Amino acid sequence: MFGERGQTAPKAAKEARDVQKPRVRERARGRGRHCSVTGTPLLLCCYLAYLALGTSVFQALESSAARDSKELEPENWASLLNYTCLDSPALDRLIRDIIQQYKRGVIFPSNTTSMGRWELAGSFFFSVSTITTIGYGNLSPQTMGARLFCIFFALLGIPLNLVLLNRLGRLMLSWVQRWALWLGGAQKNQARARWYAGSFAFFSGLLLFFLLPPILFSSMEGWSYEEGFYYSFITLSTVGFGDYVIGMDPNRKYPVWYKNIVSMWILFGMAWLALIINLVISLLESSTVLCPCSQRYPCRTWGSTEDTNHHRSKIIHL
């Protein structure tokens, strides 16, 4: 009798520990989610402060050089107006001067009201395009101090940008998952709720980051809607050909908030597009056509009950 009690006591203690383990894991998960949510605003503040640092340094280092070469030499500009008198070497020299001055941010003589390329908004936009690795190529630092600073700025800024995009992507995904759980509780159908939540996240992001911005670009830049849509995808995918860049028309007046709003659109749009690209990658990897092994190891999506039952059956058979 005492032997039976001695055997049942360890069993009871083991069962109690097994019951407590899921609770401990659930608490740890809750703490992790709470930490990630509360840490995101702090990370975003550090990100903006880092961009502000880059903006001020680039503006200080490059604006003086841009002011020194604000206009082309008068004789070159006069010769351009009388281009019929130029021979081939002079025309080649003039074209090279124009390209060099354009890279330095010179606004050519005209009645332009466009913002300076190395002013506050332009420097901020350059900082964003640098650490997001878009790299349009239309603007680059010309002074050696700015070039050296650009190296160290990108060296630390690119990892910071990746961490922030990852954090924003997980935050967006957690919102979609919570909404899916709420819909599942209301409709008593988790699979349909996940489909609704995923569809809403996809189409709302498509509207916010791809369908509406071309309207703004058409109004501010004079592009067609198709050109604005093309620019949106090339920018958010960080391809950055540089054939279309905002704020470059010298005959247009751009408000100060324009490039700042576009910079924030780039940040959140890249996070959303990264989620979509990861979803496409998971679908391709789980495709039975592209990956036959996916029939044996199906991918997990949102902790579905089918996937949980599948892993439980594998554990039981083992």
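Visitor: How many contacts beyond four places in sequence does the model have for residues 22–26, where pLDDT stays under 50?

Guide: One contact (heavy atoms within 4.5 Å) is what the model has there beyond four places in sequence; pLDDT is the predictor's confidence in each residue, from 0 to 100. Residues 109–115 also have pLDDT below 50, but that stretch has 19 contacts beyond near neighbours in sequence. This is a predicted model, in which local features need pLDDT of at least 70 and side-chain atom pairs count only at pLDDT 80 or more, whereas totals for chains, interfaces and linings use all residues. Residues are numbered from 1 along each chain as its sequence is written, and side-chain values use heavy atoms, leaving out hydrogens and water. For the protein, the mean pLDDT is 75, and 64% of residues reach 70 or more.

Now to helix α4, residues 120–131; helices are DSSP runs of H or I with at least four residues, numbered from the N terminus. Its 12 residues reach 17 Å from first C-alpha to last, close to the expected 16 Å, which is 1.5 Å times one less than the number of residues. Because 11 of the 12 are buried, α4 is largely enclosed by the rest of the structure; buried means under 20% relative accessible area, with a 1.4 Å probe and protein chains only. The buried residues include F124, F125 and F126. F125 also belongs to a cluster linked by ring pairs, along with Y136, F217, W223, Y230, Y231, Y244 and W265. Rings of Phe, Tyr and Trp (its six-membered ring) pair if their centres lie within 6.5 Å. After α4 comes T133, with a positive phi near 60°.

How values were computed:
Phe/Tyr/Trp six-rings, centres within 6.5 Å; stacked < 30°, edge-to-face > 60°. Helix = DSSP H or I, 4+ residues; strand = E, 2+ residues; numbered from the N terminus. Buried < 20%, exposed > 50% of the residue type's maximum accessible area, 1.4 Å probe, protein only.
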